[in-house]
Amino acid sequence: MSTEAEQLESLAQQEYKYGFVTDIEADALPPGLNEDVIRIISQKKKEPAFMLEWRLKAYRRWLKMEEPKWPKVEYPEINFQDIIYYSAPKNTPKYNSLDEVDPQLLETYNKLGIPLEEQKMLAGVAVDAVFDSVSVATTFKEKLSEMGVIFCPISEALQEYPDLVKKYLGSVVPATDNFYAALNSAVFSDGSFVYVPKGVRCPMELSTYFRINAQNTGQFERTLIVADEGSYVSYLEGCTAPQRDENQLHAAVVELVALKGAEIKYSTVQNWYPGDDEGKGGIYNFVTKRGIAHENAKISWTQVETGSAITWKYPSVILKGDNSIGEFYSVAMTNKFQQADTGTKMIHIGKNTRSNIVSKGISAGRSNNSYRGLVKVMKSAENARNFSQCDSLLIGDKCGAHTFPYIEVNNTTGRVEHEATTSKIGEDQIFYCNQRGLDTEQAVSLIVNGYCKEVFRELPMEFAVEAQKLLSISLEGSVG
Amino acid sequence: MLQIKDLHASIEGKEILKGIDLEVKKGEVHAIMGPNGSGKSTLANILAGREEYEVTSGSINYLGEDLLELDPEERAHKGIFLAFQYPVEIPGVSNVYFLRTALNEVRKSQGLEELDAAQFLKLVRRKIDLVELDKSLLNRAVNEGFSGGEKKRNEIFQMAVLEPKLAILDETDSGLDIDALRIVANGVNSLKSKDNATIVVTHYQRLLDYIVPDVVHVLFKGKIVKSGGKELALELESKGYDWLK
């Protein structure tokens, strides 16, 4: 590897060295998990009684479950008794002004085009009492409530709208769905709740607000989005800025409910700390994301994954209603020692249901990138249609790309198509770009962004621009 | 403009060029002809800076600088353009975006301001007619799904936009029908000026009916065995290469 590439890699490293380590004032339980811990969590959050029962039930099932071993990822065994399951974070600012923050980190923020005030939030700088983005967020909130849209922390929703939460929580991902979902159900810290009333088109992408509030969501995040009949909502999760967290294990659950004729568009950009050059210390991201689409409803998952040491994630759609549509667009990029096993599940139950899958994997360094997807057409699903396209791109010769498509068709009128390609960034392509005046990093970035175009165009405009920049930054140093 | 002295080069340990001497002055058009495997494309690729070829000895001076010290992109910034024998496809990257990025890189290196999308489009409209390129190809991905002739015309279109000082056409005529050949040649001829130079690498004489060279060189087994005026090309056409052995 050239010295330049080494320098870039060490820069990328530094980006994670500072910034996100906040002092947490103690209001925390000791490590370990038992029923009392769950009782305390529920009590601290002033949850209604049903919630405690729900958590305990999930915990009891979890005790009998085993960690899944089938994903193509390797990591040392996790000791679940070493984890702290409750701490009330009181973040104290680490710096007084941006001048004290590591300039490399700020450069990354600038490359990503993150506004100054948000940079302060992200870097842990004390913010002024009058803070533009916060007041913008307040304005957003007022506008949303005028239209009857509920958008708040799920802990707040449990207190203010307990019936609504009770009706839908666990309706798509049951508390006992899988090992990590069960753990999440037992101990989830917080997350978002969204309800869009009948016929309402949510007037804005639920994003900026989220970004400002993203810091305290913790390691066991729980999100529930309900789009009532004929409504529409676009939700953006995550942040392109590099994020570090004290908690190595992240097990989130996201549930989407699209009632008759509703549409939910859920976009994610994930850039958790991927670990050091030896692959140590990165975040394990074990996520369960699933949506249910009722009659004529549509659910789209779009994700750009560049972070985490290990990603285990299969955003899925249950196409329950007739004529419902499920979509999955994904870019998963792995570098260094990252491992990703990601894909989707499309379960066709209703008649004339359609699903579309576009997955773009990019592997660089010594990373491993797997696509794992299931398309299941049930007996009841007359005229179901699926199209899957899974492409893998390799950069260098020490990485791996794998595709595991599973197809089950139980109705002869179903039509399922699967296309897969694997390619390498060719010396020819790079030289062609070089000869036209682009340096090698620009060339790789251009080629990779071109490769991901089909997914990027599904992202909301602003997010798409950020995602492209993010990909370029993540690629830095991947070509020697 | 370009002085090549006693250039030896090899690929994977096999010597391809065995002592090339060549001088190209501003305003000149040089044709390099020769049978397959004589080293024509190797020479073109070395000028552009392709890494697979190892220069074992000799020197190349370009505009007073040691060319071999420059990275491929630096050579491009300094006005060297290679029209590829096999233009490369870049899926998902639009032709017009690619070319604007390229032009702006060249402009940046020369301390000029970058062109925005509107300014660039104006330039493109002026240049595209030169090579009679279908405008719909501008927004398609670079070379993807282009016919052989479209790819070659796209190369000349890029050349027209980038306005190189030294253009190297590597077998641009191969695979072209006579109409496409004429269009490509017209493009090249209209870009000719007293300040730039062109090296045309070709296997056949027929391109030289349209692009008239000042000097013709015959490359054979890694050496220039004969140089002459444009009549040399005609002689090669009628006699073949055997008489030079």
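Is B:Thr101 buried or exposed? Here are some notes to read alongside the model.

1. B:Thr101 is buried, with a relative accessible area of 16%; buried means under 20% relative accessible area, exposed over 50%, and partly exposed in between, with a 1.4 Å probe and protein chains only. You will find B:Thr101 in helix 3 of chain B, residues 95-109. A polar atom of the B:Thr101 side chain lies 2.8 Å from the backbone oxygen of B:Tyr97.

2. Before going on, a word on how to read this. This is a predicted model, where local features need pLDDT of at least 70 and side-chain atom pairs count only at pLDDT 80 or more, while totals for chains, interfaces and linings use all residues. Residues are numbered from 1 along each chain as its sequence is written, chains are lettered from A and ligands numbered from 1 in the order in which they are written, and side-chain values use heavy atoms, with hydrogens and water left out.

3. Now look at chain A. Chain A has 14 helices and 18 strands; these are DSSP runs numbered from the N terminus, helices being H or I with at least four residues and strands E with at least two. Of the 480 residues in chain A, 58% are buried.

4. What about cysteines? Over all chains, a search of the whole structure finds 0 disulfides, a disulfide being a pair of cysteine sulfur atoms within 2.5 Å. For A:Cys152, the nearest cysteine sulfur is that of A:Cys202, 13 Å away. For A:Cys390, the nearest cysteine sulfur belongs to A:Cys452 and is 14 Å away. A:Cys152 is buried, with a relative accessible area of 5%, and A:Cys390 is buried too, at 1%.

5. Finally, see where the two chains meet. Chain B and chain A bury about 2000 Å² between them, 63% of it on carbon and sulfur atoms; buried area is the accessible area (1.4 Å probe) that two parts lose on being put together, summed over both. The contact (heavy atoms within 4.5 Å) takes 30 residues from chain B and 19 residues from chain A.

6. Which charged pairs join the chains? There are 2 salt bridges between chain B and chain A, a salt bridge being a side-chain nitrogen of Lys or Arg within 4 Å of a carboxyl oxygen of Asp or Glu. One of them links B:Glu155 with A:Arg436, the closest N and O atoms being 2.6 Å apart. Helix 3 of chain B gives the largest share of the side of chain B that touches chain A, 6 residues.

Key. A polar contact is a pair of N or O atoms within 3.5 Å; within protein, one must be able to donate a hydrogen and the other to accept it, and residues adjacent in sequence count only if both atoms are side-chain atoms.
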